[in-house]
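The following paragraphs walk through the place where two chains meet. Please look at the structure first, then read on.

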Protein chains: 6
Amino acid sequence: MRPSGRAPDEMRPISIETGYTKHAEGSCLISFGDTKVLCTASVEDRLPPWLRGKGQGWVTGEYSMLPRATHTRGSREAARGKQSGRTQEIQRLIGRSLRAVVDMKALGEHQITLDCDVIQADGGTRTASISGAWVALRLAVNGLLKSGAIASDPITAKIAAVSCGIYNGTPVLDLDYDEDSSADADANFVLIEGGQIAEVQATAEGATYDEEGLMRLLRLAQMGCADIFKAQDKAIG
Amino acid sequence: MRPSGRAPDEMRPISIETGYTKHAEGSCLISFGDTKVLCTASVEDRLPPWLRGKGQGWVTGEYSMLPRATHTRGSREAARGKQSGRTQEIQRLIGRSLRAVVDMKALGEHQITLDCDVIQADGGTRTASISGAWVALRLAVNGLLKSGAIASDPITAKIAAVSCGIYNGTPVLDLDYDEDSSADADANFVLIEGGQIAEVQATAEGATYDEEGLMRLLRLAQMGCADIFKAQDKAIG
Amino acid sequence: MRPSGRAPDEMRPISIETGYTKHAEGSCLISFGDTKVLCTASVEDRLPPWLRGKGQGWVTGEYSMLPRATHTRGSREAARGKQSGRTQEIQRLIGRSLRAVVDMKALGEHQITLDCDVIQADGGTRTASISGAWVALRLAVNGLLKSGAIASDPITAKIAAVSCGIYNGTPVLDLDYDEDSSADADANFVLIEGGQIAEVQATAEGATYDEEGLMRLLRLAQMGCADIFKAQDKAIG
Amino acid sequence: MRPSGRAPDEMRPISIETGYTKHAEGSCLISFGDTKVLCTASVEDRLPPWLRGKGQGWVTGEYSMLPRATHTRGSREAARGKQSGRTQEIQRLIGRSLRAVVDMKALGEHQITLDCDVIQADGGTRTASISGAWVALRLAVNGLLKSGAIASDPITAKIAAVSCGIYNGTPVLDLDYDEDSSADADANFVLIEGGQIAEVQATAEGATYDEEGLMRLLRLAQMGCADIFKAQDKAIG
Amino acid sequence: MRPSGRAPDEMRPISIETGYTKHAEGSCLISFGDTKVLCTASVEDRLPPWLRGKGQGWVTGEYSMLPRATHTRGSREAARGKQSGRTQEIQRLIGRSLRAVVDMKALGEHQITLDCDVIQADGGTRTASISGAWVALRLAVNGLLKSGAIASDPITAKIAAVSCGIYNGTPVLDLDYDEDSSADADANFVLIEGGQIAEVQATAEGATYDEEGLMRLLRLAQMGCADIFKAQDKAIG
Amino acid sequence: MRPSGRAPDEMRPISIETGYTKHAEGSCLISFGDTKVLCTASVEDRLPPWLRGKGQGWVTGEYSMLPRATHTRGSREAARGKQSGRTQEIQRLIGRSLRAVVDMKALGEHQITLDCDVIQADGGTRTASISGAWVALRLAVNGLLKSGAIASDPITAKIAAVSCGIYNGTPVLDLDYDEDSSADADANFVLIEGGQIAEVQATAEGATYDEEGLMRLLRLAQMGCADIFKAQDKAIG
């Protein structure tokens with residue numbers, strides 16, 4: 001029995017509120033239940049040095065938790081003077097995932113930064129970030145297409161992410177904080193609409209799982225991402 | 001004529017939405033027009049070393065802008081590895097201001113951290129932060145009183161802040177970004193309900209003002225803060 | 001009664017010794033009683049990136065306390081690896097204040113850095129820094145005029161600063177350390193010769209003051225700055 | 001055809017030279033072909049603060065590349081003043097993996113740090129690190145058992161890691177640098193002797209893979225790890 | 001011929017002004033010609049962790065250049081966020097040198113920090129620092145003896161330092177900036193009154209010297225230190 | 001009697017294994033007994049800014065200890081976020097020493113970085129580093145000559161370094177860890193084949209030495225370096 005009373009293959013309610021901030025070229029507030037992440041897409045003409053003059057663009061991600069997004073207050077990374085290993089790992093994942101569905105040549109010499117700032121955390125912040133970042137990216141690219149800054153759509157597919165885990169011996173979809181903190185295994189899947197996998201990060205600290213277990217988690221993730229793709233569709237309109 | 005069409009002594013609409021995040025002991029999203037700041041109050045039993053065992057509490061503030069709160073994306077302070085001078089100046093001001101209306105003995109051995117994170121910026125982020133932080137503090141202290149953690153109310157008064165400036169030669173209240181970036185003088189006032197001043201920071205870079213000008217700005221601020229005190233009352237209910 | 005036996009409107013003795021170091025384009029050791037600050041002006045042709053090629057100059061300030069300028073030794077900021085919020089706040093104030101009396105077009109493409117290093121501290125180090133920095137700046141600009149590097153004088157007025165506060169209920173001028181550490185309110189005024197105000201920073205932590213109190217502090221500051229302007233005149237000769 | 005001429009399911013030669021340094025409680029130089037990593041295990045009685053007095057131990061990992069381990073010299077992280085996101089990600093993986101096969105209660109109040117320093121890199125440095133770290137850990141724990149510092153063996157199983165990828169459309173085992181830099185997908189598997197999975201990190205940047213692809217990579221990894229388990233056995237003797 | 005017209009074995013004028021700052025337990029401004037260093041000795045009861053409870057004291061040194069001590073302005077180490085290798089090398093030398101003449105048991109559980117801040121630089125700042133630090137230390141220790149905080153004198157001898165070098169083929173004493181920047185070899189000697197050597201740092205970048213050269217430089221240093229010992233005597237009175 | 005049983009003027013066995021890593025333009029593993037240092041020379045066309053376009057090259061050094069090179073594990077400098085003063089002092093010495101035997105004009109616009117990473121430490125790591133760095137440099141320069149990148153040999157002589165000290169009152173050559181940690185004086189000599197001195201760093205912390213003592217240490221160093229020059233010759237072949 002899950003603490004939230006959800007069925008093993010049941011996602012939390014997904015909501016995506018677009019246009020959450022007025023300055024960003026694309027933005028949304030995405031919620032997976034009580035997990036809320038503000039995702040913004042910022043378009044700049046300034047590329048990283050190693051890409052200048054190559055006729056292509058770049059997509060990168062940044063991630064942060066507000067200090068009191070969590071049960072107890074965490075110290076501010078800016079005050080500590082560095083980003084944690086966890087933060088860096090997550091923002092590398094966000095950037096890598098979104099790049100998997102962007103044709104950099106078609107994007108032209110633009111850099112799009114996807115900022116994912118967690119307003120409230122209840123498990124699954126990295127997967128909500130990726131799923132919301134795609135919406136912000138879609139909106140920003142729509143603007144580039146509309147203004148004529150780029151000629152053809154560089155986005156090749158939808159992408160979404162969800163966490164799954166083994167909780168009390170049962171594979172479950174979309175772990176919340178209570179489950180995440182006591183799960184035997186924790187896996188994040190980044191999936192592309194149509195059945196392809198962009199990334200799997202499946203970890204067992206203490207307990208472990210076998211080939212069969214991995215397959216069952218992947219299938220739950222496919223169900224969850226189907227829901228997220230629908231929510232993305234609805235948000236974009 | 002102000003770019004927004006407001007009268008010289010007209011505040012932007014103020015809104016304060018309490019309970020914006022579920023984990024913080026007190027929280028609100030305060031808006032001065034398009035400026036939106038998430039203020040949370042976190043209560044901890046851990047005091048700074050120099051206050052331990054003295055039978056008193058502490059109130060401190062932290063401040064940050066989300067990278068895309070502004071017209072163009074700013075780099076993340078956590079990524080740069082340090083907080084800017086501006087950030088530090090503002091968070092010192094927030095802490096100092098709120099401490100002006102708290103009796104540290106009555107607070108007992110609790111530390112309350114007021115986190116002010118700017119979601120969207122359109123001028124006046126530090127004054128909105130102080131005004132919203134008071135609401136978050138009030139809510140957190142109400143919780144401490146209700147639970148019996150403290151016996152008497154340590155908050156001695158309401159406090160609010162507003163910016164004023166001289167725009168095209170005219171003193172105006174509550175500068176927005178368009179005004180702020182071209183004002184001749186810029187003054188932030190932190191005022192206590194009842195007529196006392198907690199802090200004045202009045203700056204002229206290039207242009208200057210005289211004693212008369214300072215008084216006119218102060219009177220505008222008194223008008224603005226009267227409105228904010230009403231909004232605080234309404235938010236607390 | 002003030003600890004020093006001074007009258008409420010009495011400055012400490014001011015002395016300004018010019019040419020204190022041989023390498024700087026302008027320098028002085030300024031003393032407000034036992035507070036001693038070495039101010040140097042360094043002229044460079046290298047401008048900050050955002051000003052290059054705009055036909056104008058820049059004036060900036062830096063501030064530091066020697067570790068044993070104070071009663072007890074403070075750790076060295078270079079060893080700690082960052083400047084404190086207080087240091088950054090003060091050096092931003094120094095730069096902003098001096099820029100208020102410099103015509104950047106007339107200065108041409110030169111940057112002048114005003115380094116204020118506190119040799120001995122007894123209250124009022126930031127106001128002594130600003131007052132001394134003006135002398136160092138004046139001497140450096142005199143050199144530029146003499147050598148023909150610039151054609152017309154970019155300095156538009158004298159500027160000086162002094163602290164005032166409410167000590168045991170009485171407004172007093174030029175707080176020394178004993179007063180500063182127990183004052184009810186503390187205000188720093190940066191004034192321009194002729195009656196204009198460049199900056200007010202008036203703070204009450206715990207106690208507060210009203211409009212009348214602010215005016216009385218401002219008038220004390222005007223008296224104090226009149227003395228500093230005379231000392232600046234005498235130093236420049 | 002692989003650049004090295006290897007069959008798709010062929011590992012590079014594995015060698016493990018134990019006792020490579022005299023000070024460490026356990027050490028080895030592990031080679032996967034031209035990739036060479038020095039792994040040391042250091043036993044200390046000092047635990048991280050959150051574990052003190054709980055009657056259990058801790059295992060953690062650190063990772064670094066020597067500046068000229070690679071084709072072109074990389075700048076030294078100590079000189080840059082921080083560890084890269086990649087480094088932090090890898091060392092978190094090393095610690096997590098090894099903890100999956102250690103019973104922390106049986107380890108008692110000891111901390112074992114596994115330092116993995118890459119002497120020469122040719123792809124697969126993180127998987128060689130994990131595989132070698134297990135050997136260093138085994139040797140260090142043998143010492144603790146022999147000296148009587150701990151009573152029962154805290155190591156529950158062997159663990160090994162290997163990378164697989166899709167190269168020119170074909171799933172291949174144990175990518176070297178030439179393959180790694182042009183592979184369509186890259187997956188690191190950390191496997192436990194007996195068939196359990198400790199960690200999967202499978203990434204597609206640009207290209208993607210499906211469920212079938214993931215399974216094929218996992219089976220290659222199982223073959224590779226079988227070889228590594230044998231090499232570990234032989235090294236331990 | 002030396003740029004200054006001095007004879008090869010001629011020191012610049014040495015002056016030592018004691019009591020230069022009022023807060024430090026010992027202080028002096030030492031000048032070797034135009035090189036001026038403020039040396040302060042601060043006595044604290046707080047020892048470094050590794051010495052606590054061992055019934056002995058510690059002496060350490062810190063060193064810094066004011067930004068405009070030199071011909072062209074150097075950036076502030078506190079602003080850059082770290083101390084240069086040169087600064088660290090010098091402050092390690094200062095501490096090591098002074099410890100060579102202090103009996104740590106006799107000092108008791110006190111730490112004395114010798115801060116050497118270069119007000120104006122014209123070559124030989126590290127040697128002036130050591131020579132002046134001894135005077136500041138002597139004054140601080142005199143205070144401890146007078147107050148009864150320690151019973152017997154922990155200072156075992158005088159110590160002084162001077163630089164020598166080979167300039168245009170001739171060994172010369174007490175290099176000034178003009179000589180230092182073009183010398184073939186540069187050697188700093190730290191000598192103890194009575195003929196013992198505490199430290200030699202002799203460097204040749206480009207040119208070199210032989211055993212005979214080293215001896216000639218040492219003998220010049222012995223002459224220079226004899227003068228410094230006299231100046232120390234006179235300063236202490 | 002020395003702990004190792006060596007005669008006072010007896011070096012530990014020296015071994016130099018060239019070509020230790022495949023990527024570096026020159027490399028060796030040098031051992032002085034149990035002290036083992038990996039030295040690599042990396043050739044780059046990128047020069048430091050102040051040398052660009054001057055028709056000359058540059059040689060620089062970097063130094064690090066692996067965390068478990070020593071008896072007890074030292075924390076990683078990259079994790080601490082800065083290099084220690086000791087590390088910086090040593091790497092400055094390595095660079096300066098090697099530059100003493102390179103004609104920068106003949107080197108042309110190439111930068112050679114000598115990385116010295118201590119694999120195992122038993123005293124004398126900096127002197128082994130310098131001695132091994134010369135071999136790595138020699139191999140890298142041979143490559144430049146062979147490829148025609150430079151026309152004439154920029155290396156003007158062999159250079160080697162060794163430590164000496166006074167142990168139990170007796171001057172001894174090539175201190176190992178046991179001697180180093182209890183020696184009365186410690187001196188590092190960097191000598192050039194043919195009798196010239198590049199650098200002397202002789203320190204007495206606590207005990208001291210006189211002119212005669214310095215000479216005896218220098219003569220021991222000359223004997224030790226003669227052995228190292230032979231080993232370098234043999235390694236280069």
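How much area is buried between chain B and chain C, and what share of it do carbon and sulfur atoms give? In this predicted model, the buried area comes to about 2,900 Å², and carbon and sulfur atoms account for 45% of it. Each side can also be counted in residues: chain B brings 33 residues to the contact, and chain C brings 33 residues.

The elements of chain B that supply two or more residues to the side touching chain C are α2 (85-99), β9 (196-203) and α6 (211-236). Of these, β9(B) gives the most, with 8 residues. By residue type, the side of chain B that touches chain C is made up of 12 nonpolar, 11 polar and 10 charged residues.

Salt bridges can be counted as well, and the number between chain B and chain C is 4. One salt bridge links B:Arg219 with C:Glu211, and their closest N and O atoms lie 2.3 Å apart.

Which strand of chain C is joined to β9(B), and how do the two run? The partner is strand β9 of chain C, residues 197-203, and the two strands run antiparallel, joined by 5 bridges. Within this pairing, B:Val200 is found opposite C:Ala202 of β9(C).

Terms used. Residues numbered from 1 in each chain as written. Chains lettered and ligands numbered in written order. Predicted model: local features only at pLDDT ≥ 70, side-chain atom pairs only at ≥ 80, totals over all residues. Heavy atoms only, no water. Contact = heavy atoms within 4.5 Å. Buried area = accessible area lost by both parts, 1.4 Å probe. Salt bridge = Lys/Arg side-chain N within 4 Å of Asp/Glu carboxyl O. Helix = DSSP H or I, 4+ residues; strand = E, 2+ residues; numbered from the N terminus. Nonpolar A, V, L, I, M, F, W, Y, C, P; charged D, E, K, R; others polar. Pairing = 2+ DSSP bridges.
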